[in-house]
Each structure stands twice: as structure tokens, then as C-alpha cells.
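This briefing is meant for a reader who is meeting the structure for the first time. Please look over the sequence and the model before turning to the points that follow.

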Amino acid sequence: DSLSEHDNIFFVAIHASPDNTGTEPPPTIQEFRASLGYDTSGDGSKSGGTRLVPDDDDPSFPHRYGVRLVRGGTIVEIRDEKGTVLTDAFALTSNDGENSKTEGTKRIIKVALDPVQYSIDMKNKISYGSMNLVVRRQGRENSFKSLLETTRGLLSGTDAVHRVLPVWLQSILLGHGSPSAANYRSTGMQDYATKTVGVADPDAFLDYGDTFLDEAHLRESFVGGSDIGSIRVDDCDGIAKEAPQRRRNYKIRFLKQVDGENMIEATSYERDESQSKGNPIRFTPKQVEAIRSGLSCGLTLVVGPPGTGKTDVAVQIIASLFHSFPGQRTVIITHSNAALNDIFEKVMARGDVEERYLLRLGSGERDLQTDSSHDFTKLGRVHYCFGRRSDLLEQVQQLSESLGLSGRAERGADGSPSYTCESAEIFFTKTIQPKLRVYLTQNENKTMSENERAAQFPFRSFFSVSEELTEKDSETFVERLRMVFQELAEYRPLELLRSQRQRADYFLIKQARVVAMTSTHAAIARAH
């Protein structure tokens, strides 16, 4: 059951006999070199010529172990005794989202063979029925075919590389460019960022989020930098002065001055502690420089021994990218499943990225240690979104009932909400928005008392507002309402699509904003 679709396996025909039991030792290195015609008169003086040839290099290995035939193939599908396709996640999932149980221990594997080799074997009347052993490569070595196909695809055609890779990365990937030219500080990279649509301008504000524990941490991270002049921190809403013990998030930009130095302009804003646990690490200036590079256009390479915080820096870059570029997507690729799961679990634990935007591709997902109600596969994320949709539609139903626009009679026979994502959007546009517009216009008067504000608030019953309502609570309630309908609007396409496969593909293409996979899975999936 550890085999999966696209795995490469080998079929071996072994015929043991008294002459090839594997007990005969391989030749010594001195004997092996002599068989190739090399002069061995000076070999083996220290070891006595007793060092044996490794099995990987021993040409007599097939004879010694009776290996008669080796052929390779790629797994297309795997079925159980009942005929259920185990490599199709949709075939294993019932309508209620539960995974079906596999039948028996027998597995039927369908493989794709090399057609040229198969044709030659048939002409030579080689029987594939003689193959009696199946061998698989280690997981890390199993991507060689996909990697070669990916490289061939990049190099085929006159414009293949230009369509896939940005201009500044092509020469570096092909091995004849200077990596320093791809650094965000280089003139070429800054010109590229300035002139390219969709790439952040070098002078634009970037959201560093909770990278800095306080203002002092921000200042000490840049003071002494080779290109840093002055640092100016603006408190845009004055909360830091009222509550200095409360942590703040920062947006920063670097402005080039006439003397060539950068002036740092930082703007602080209140951090939502209910959504994110936050960054607990006081990053060093070198680590902050890596984060700055990761948020800027170009290539970033972070090198260091184990335990120096490379993973924490990567997680901080991912969180800051998520907030700095809300319309773009982040792909996380590592060589091993263990490293990928480590980063993915830390991103989830921090809470900066909403769970509905996270996706983990590949078989290593099953090893994730999470508290989520659903797994992070494409299908699991679809089920999670439908669960969230049901919870939010219940809130919309309760809101409608609190306004006297509907009652228990409008609910389904099982008590389910009568609203869909589409009707909820109409309800928000025609009913909620006009009420909010009137209330916010009245609330522009800053001298309004808390009692007057509570009396004018149109959703008192839904939020269980008492006789008093502070301005901050009012803003929180209004934002919560908007977020409910905004999230439901994201689920509407899933409501329109009918099959689970269409919904899963939509989630991958449109909904997910942080997608994680191993390099092996990336190479395999690229062809599909």
C-alpha cells in the first residue's frame, strides 16, 4: 500500500541454482582491475589485495545471484480485490466525505512499459511471466524520470525557457550567469522590478507583519547597515502610545536618497492577536536581511548549519508574503517530506495564513501533525470549505431571523439553513449593506454616546448588544459581518461545480494561496 501512482518500479527475473546462490564472494579490486587489463603490480600492498568490489560495481553480480532479466515500468493505477482504484482519491471517498475501506490484501497494479523494449522482447520471445520479483527505488531516487522530462521540456523549443522562467533566472539556472546579479540590491534586479507589471516596486511598502517584537527591535535590525541612513517610524493610529505593552505589526519601505543611502519609513498598525499566535523570535539583523531579501524581487539563498533558524526565517517570509501580496500565491518546495511537513506545520501553528488557503500535495500529507477537522489534500480542503460554508450560512440564517426577515419555517426539514452562497450575497447587497450605510453615516458623529450608538446599531439582537456599545466594538461587529459574506463569496464557485474532481481542481487553481509539495511531486505533477 506504500506504492502510489507515477512510482517507478522494476521487474526482476531471478532463477536460483546451486551455481548462483549468492554465496560466492565478488572479486577483489585487484582481480577486477586485472580483468580490465590494468597493471596491478603496485596494487594491494597495504590491504593484501583482499578488498572486494562493491556489488554496485561488480559485473558478475547478475551471475552470482541468478538475475536473468530486469525491466522497468511506471505505475498507472492500483486496484484492490474489489476493483476499486486505490490511486484515485475520488473513488475512495463516499458522498458524505468519508474514506471507503480497501478490500483484502491482494493488489492489482497496472503499469506502463517501455514500448520499444517490449517490442524487442516480443520478437525475441522473452517471457515476462518469468519475472518473479518487484523492486522499487527509494522515495528520494524515484523522481529521476520526471526530473529528466522536466529538464527536457524546459530546453525543447526556442522559447520554452522564456515562457516558464523570468529573464533574470534563466542564465543562472543554465549555469553561465552570476548569482549576484539576481540579488535584490543589484541594479538589474531593481530595474526589472520597476519596469515589470505585477512585481513590487523597490520603493513600495512591504508588510513585514510581526517580524519585529517592538520598535526597538526594528531599529536595531537596521542600524549599522551599509546602505541604511535614517529610520522613521510613524504610529498611524496612536495605539502604541495608549497601550505600549501591545505588540504592533509594521509595513516598511526603503527610499533611496540623493547620497545613495536608504531612508527607512515604517508604519505600524494594530496586530490581530485573536487570529495569529505571532512570531516569538527576536530575529538577528542577518535574519532580518534574509527576510527583506525574501520579500523583494530576486533570488534569496539562506545558508547555515542546523539550529540557526533557517526554517523560522522561511516561515516568516511565507507569512509576510501572504500579507504583502494578497493577490499572489506562494509555492513551498523541499527535497524531503520531513522538511516540508516541518515548514507546513509551523505555518499552520502561527495562524497567519487562514486554513482555507493552505494545501499540501503528495503522499507525505498523511504524516502531518495537525488539529484540523479535515486533511490538507485537495479533497480534504474541499470538505473543509463546505464545512465552513455550512457554519457561515447558519450565521446568515440567524442574522436574517434576528432581523425578522425569516423564521424557523424557512429552514430545511433537518433544521439546515435556507440560504445558499448566492442568496446570501443577494441578502447582503439588498438588506445588510443599506442598513450598514445608514448606521455608519449616523456614526460619523464622534460625540455620540455609547447608549445612542447601541440604540442605532441595526444588529443588536444578533450580537446581543446591551445598553452600551463602544466605538471599537461597533467596528469589530461591522468587520465580522463583512468577513462572513466575503468568505461565503469565495465558496460560491464550489457550490456551482457539481463533481468533487471539478471542485478539487478549482481549489488548487483558484482558492489555495499557499501550496506545498516535494520536488519529486512537482516534477511528476508538472506533466499533468
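Serine 464 sits in the loop between helix 16 (460-463) and helix 17 (471-496), in a model that is predicted. This serine has a positive phi of about 55° although it is not a glycine, and with a relative accessible area of 63% serine 464 is exposed.

**Another loop residue with a positive phi**

- Lysine 125 is found in the loop that runs between helix 3 and strand 4 (133-136), and although lysine 125 is not a glycine, its phi is positive, at about 55°.
- Because exposed means over 50% relative accessible area, lysine 125 counts as exposed at its 76% relative accessibility.

- Leu113, Tyr118 and Met122 together make a nonpolar surface patch of about 240 Å².

**A buried threonine and its polar contact**

- Threonine 74 belongs to strand 2, which is made of residues 67-79, and its relative accessible area is 14%.
- Since buried means under 20% relative accessible area, threonine 74 is counted as buried at that value of 14%.
- The side chain of threonine 74 is joined to the side chain of asparagine 8 by a polar contact of 3.0 Å.

- Strand 11 consists of residues 514-518 and is mostly covered, with five of its five residues buried.
- In a regular strand the side chains alternate between the two faces of the sheet.
- In strand 11, Val514, Ala516 and Thr518 point one way, while Val515 and Met517 point the other way, and all of them are buried.
- Strand 9, which is made of residues 330-334, runs parallel to strand 11 and is joined to it by five bridges; within this pairing, isoleucine 332 has alanine 516 of strand 11 as its bridge partner.
- Strand 10, which is made of residues 358-360, also runs parallel to strand 11, and three bridges join these two strands.
- For arginine 360, the bridge partner in strand 11 is alanine 516, the residue that is likewise the bridge partner of isoleucine 332.

Notes. Residues are numbered from 1 along each chain as its sequence is written. This is a predicted model: local features need pLDDT of at least 70, side-chain atom pairs count only at pLDDT 80 or more; totals for chains, interfaces and linings use all residues. Side-chain values use heavy atoms; hydrogens and water are left out. Patches are made of residues with over 30% relative accessible area and no salt bridge: like charges are joined within 9 Å, nonpolar side chains (Val, Leu, Ile, Met, Phe, Trp, Tyr) within 5 Å. Accessible areas come from the Shrake-Rupley method with a 1.4 Å probe; for residues, only the protein chains shown count as cover. A salt bridge is a side-chain nitrogen of Lys or Arg within 4 Å of a carboxyl oxygen of Asp or Glu. Helices (H or I, at least four residues) and strands (E, at least two) are DSSP runs, numbered from the N terminus. Buried means under 20% relative accessible area, exposed over 50%, partly exposed in between (1.4 Å probe, protein chains only). A polar contact is a pair of N or O atoms within 3.5 Å; within protein, one must be able to donate a hydrogen and the other to accept it, and residues adjacent in sequence count only if both atoms are side-chain atoms. Two strands pair if DSSP finds at least two bridges between them.
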